[in-house]
Amino acid sequence: MPDAIHVRLDALASPPPTAAARDSAAADELRAAWRARPNGRTFYLETFGCQMNVHDSEKVAGVLFARGYRQVDAPDDADLVLYNTCSIREKAAQKVFSRLGQVRGVARDGKVIGVLGCVAQQEGEQIFERAPWVRLVCGSASYRRLPELVAQLEAGDTRVTGLELDTDETFETDFTRRDNPFRAYLTIIEGCDKACAYCVVPMTRGPERSRTSESILREVRGLVELGYTEVQLLGQNVNSYRDPSPARLDFAELLEAVAEVPGVRRVRFTTSHPRDFTPAIVRAIERQPALCDHVHLPVQSGSSRVLAAMRRDYSREEYLERVAWVHRARRPISLTTDIIVGFPGETERDFEDTLSLLDLVQYDGAFSFKFSPRPNTAALRMPDDVPEEEKGRRLAILQERQREIQQARNERLVGQRLEVLVEGRSRPGQWAGRTSSNRMVNFTSPEPPALGEYREVVIHRAGPNSLVGEAVI
Ligand code: 5AD
Ligand code: SF4
């Protein structure tokens, strides 16, 4: 692929906040290119789901910008209305059909309605049956064909689909429209080769395929040129990254290589599957200050019995062994996780094992969910035997326990100085940003900080989800 062009949304709309980005020749060029190319067509794009989806949307927007489309804020104003969808839980998938219902009238005005992402892949052409006003259905494994599909729509084709899954290619665009001015997402691996019993992802995103380290590092250097200092490497399972090029970097080596790119100050990565998590990753974080002191390591359950039923490929003890690597690191590393309650067959005893695991690990954050049976997954054939009410009860207990843990852990930071990347204003006179460990900090400052700058902040107060402090000069 030729050198890709990346554009930050703010580089198109208003002056970028950091001096480096403002003066970047690449940003100037892009602004000029963008103004020169409009074709009069407009698109609206709404995104549901995970960061992979958010970043896919940035690439999809880039594809459309490159064709001369302009983005608008309402479906009514758009020629092309796109939903980038998530099907991880039933509720997320339902939301899409309710949106499609809302734009039915809009479709009558000759607008093109398209469904992208995980629901598109999962439901396929059935979407045309449920919502006949939809004209484009394209799963994430087919985004490489998006320019061709859009061209077919422009030529007047009534229905176009991209639903191939057996791909060995990744979605790399010549042009990426980045929404977050401070954190640049980049994909290092797409798809998933695991077979967790509850999960639609292997089905919706296809088999694992890694990008070459050269292409990743080229993108990182380009991001620095645009003024980014923080990058986040994305993949369903970043730990199983395998460089397909002769450099043959493994994930830990890739992390170090990205951290060494001049100008990069923070490198994040998500998501790590415990099975493939290695001590080398912890050693890399110890060695490289630019690697953020945060690992997101979804456990899903604290019961080995449930983990086996979930086909997670590790036991409670094996998971705790990985946690011990992280806890023993030479600098503190934050741990966060994902948990599912009410998986088929989960007993009160299993649930208590999950609570005791929370106590042992002391996570700094946890996303927790009630089990939701999904199409084409192994768990769909298991009896969904934990009543809805009981799932709700377990979720509330778990969230309360985790809230207490976070409150206590954050209180330990009171009095410490933490480095914060300034991302915005939380209210007049107060600024907000994140620490390397991904904690949100709201702070006052004797002099207004510039967005995109790093500031030392002394922590005065702690809540379960954020810290409050004051910048030091
Ligand atoms: N039901 C509930 N939660 C799920 N997750 C994935 N699939 C399901 C499901 N069927 C959760 C997992 C995963 C996170 C992204 O979503 O915890 O790590
Ligand atoms: Fe949702 Fe999973 Fe698809 Fe992300 S990969 S959008 S979480 S179904």
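Modeller: The chain exposes about 19,800 Å², and carbon and sulfur atoms supply 49% of that area. Areas come from the Shrake-Rupley method with a 1.4 Å probe, and for residues only the protein chains shown count as cover.

Biologist: What kind of model is it, and how are things numbered?

Modeller: It is a predicted model: local features need pLDDT of at least 70, side-chain atom pairs count only at pLDDT 80 or more, and totals for chains, interfaces and linings use all residues. Residues are numbered from 1 along each chain as its sequence is written, chains are lettered from A and ligands numbered from 1 in the order in which they are written, and side-chain values use heavy atoms, with hydrogens and water left out.

Biologist: How does the radius of gyration fit a compact globule?

Modeller: It agrees: the chain has 23 Å, and a compact globule of 473 residues would have a value near 23 Å. The radius is taken over C-alpha atoms, and the globule rule is 2.2 Å times the number of residues to the power 0.38. The C-alpha trace spans about 60 × 60 × 50 Å along its principal axes.

Biologist: What share of the residues is buried?

Modeller: Buried residues make up 57% of the 473. Buried means under 20% relative accessible area, exposed means over 50%, and partly exposed is in between (1.4 Å probe, protein chains only).

Biologist: Which strands make up the open sheet?

Modeller: Six strands, in the order S3-S2-S4-S5-S6-S7, with parallel pairing. Two strands pair if DSSP finds at least two bridges between them. Strand S3 (70-71) and strand S7 (160-162) stand at the edges with a single partner each, so one side of each has no neighbour in the sheet.

Biologist: Remind me, what holds strands of a sheet together?

Modeller: Strands of a sheet pair through backbone hydrogen bonds, either parallel or antiparallel.

Biologist: What about S4? Buried or exposed?

Modeller: Six of the six residues of S4 (residues 80-85) are buried, so the strand is largely enclosed by the rest of the structure. Leu80, Leu82 and Asn84 point one way, while Val81, Tyr83 and Thr85 point the other way.

Biologist: Which strands sit beside S4?

Modeller: S2 (residues 42-47) runs parallel to S4 and is joined to it by five bridges. Phe43 stands opposite Leu80 there. Five bridges also join S4 to S5 (residues 112-116), again parallel, and Tyr83 stands opposite Val115. S5 is in turn joined to S6 (residues 134-138) by four bridges, in parallel, with Ile113 opposite Val134.

Biologist: Switching topic. How many disulfides?

Modeller: A search of the whole structure finds zero. A disulfide here is a pair of cysteine sulfur atoms within 2.5 Å. Cys192 is in none, and the nearest cysteine sulfur, that of Cys196, is 6.4 Å away. Cys192 counts as buried at 12% relative accessibility, whereas Cys50 is partly exposed at 37%.

Biologist: Where is Arg211?

Modeller: Arg211 lies in the loop between strand S11 (209-210) and helix H11 (213-225). It counts as buried because its relative accessibility is 6%. Its side chain makes a polar contact of 2.8 Å with that of Ser215. A polar contact is a pair of N or O atoms within 3.5 Å; within protein, one must be able to donate a hydrogen and the other to accept it, and residues adjacent in sequence count only if both atoms are side-chain atoms.

Biologist: Last one: where is His294?

Modeller: His294 is in strand S14 (residues 294-296) and counts as buried at 14% relative accessibility. Its side chain makes a 2.8 Å polar contact with the side chain of Thr336.

Note on methods:
Helix = DSSP H or I, 4+ residues; strand = E, 2+ residues; numbered from the N terminus.
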